[in-house]
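Biologist: Before we discuss particular residues, I would like to see the model itself. Please show it, and then let us proceed by question and answer.

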Amino acid sequence: MKQARGKKNICGERIRYVRLGKYSKNHLRITQNELAARLQSRGLMLDRLTVNRIELGIRMVSDIELVVFADALRVPVEFLLGDIQLPLPEINFYTSRVAE
């Protein structure tokens, strides 16, 4: 399967979008180090460099990792997969869906 625009994942750009606080007014901007710490606290041992490689699309993301990213960023997995288009609804609508 040919990757979109030569990328190895489809979620990296959206992870960066959320991390930079653009998802909603309820999301604060966080650094890649802070995101890596959130992931590590959830048992996913990724460092800042790996987060950067994912955001750039040069590292693949497993389904398990995707679920942890969604939880750490407090967004639905569907958003990270591109199934939810911008502009986005308020995050409160999706908060309970991350755990589903």
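Biologist: In what order do the elements of the protein run from the N terminus on?

Modeller: This is a predicted model. The protein has five helices and zero strands. Read from the N terminus on, its elements therefore run α-α-α-α-α.

Biologist: What percentage of the residues in the protein is buried?

Modeller: A residue is called buried when its relative accessible area is under 20%. The protein has 100 residues. The share of them that is buried is 39%.

Biologist: Which residues of helix H1 are buried, and within what arc do they fall?

Modeller: Helix H1 covers residues 12–19, and its buried residues are Gly12, Arg14, Ile15, Val18 and Arg19. Seen down the axis of H1, these buried residues line one face of the helix, because they fall within an arc of 165°.

Biologist: Against which helices do the buried residues of H1 pack?

Modeller: Several elements meet the buried residues of H1.

Biologist: How many nonpolar, polar and charged residues does the contact of H2 with H3 have?

Modeller: From H2, the contact draws on Gln32, Asn33, Leu35, Ala36 and Leu39. These meet Arg48, Val51, Asn52 and Glu55 in H3. By class, the contact has four nonpolar, three polar and two charged residues.

Biologist: Is Glu55 buried or exposed?

Modeller: Glu55 has its place in helix H3. Its relative accessible area is 5%, and the cut-off for a buried residue is under 20%. Glu55 is therefore buried.

Biologist: Which residues is Glu55 in contact with, leaving aside its neighbours within four places in sequence?

Modeller: One of these contacts is Arg19, which is 36 residues from Glu55 in sequence and 9.9 Å from it in space, C-alpha to C-alpha. With the neighbours within four places left aside, Glu55 is in contact with Gly12, Glu13, Ile15, Arg16, Arg19 and Gln32.

Technical notes: Residues are numbered from 1 along each chain as its sequence is written. This is a predicted model: local features need pLDDT of at least 70, side-chain atom pairs count only at pLDDT 80 or more; totals for chains, interfaces and linings use all residues. Side-chain values use heavy atoms; hydrogens and water are left out. Buried means under 20% relative accessible area, exposed over 50%, partly exposed in between (1.4 Å probe, protein chains only). Helices (H or I, at least four residues) and strands (E, at least two) are DSSP runs, numbered from the N terminus. The arc is that of the directions from the helix axis to the C-beta atoms. Contact means heavy atoms within 4.5 Å. Ala, Val, Leu, Ile, Met, Phe, Trp, Tyr, Cys and Pro count as nonpolar, Asp, Glu, Lys and Arg as charged, and the others, Gly among them, as polar.
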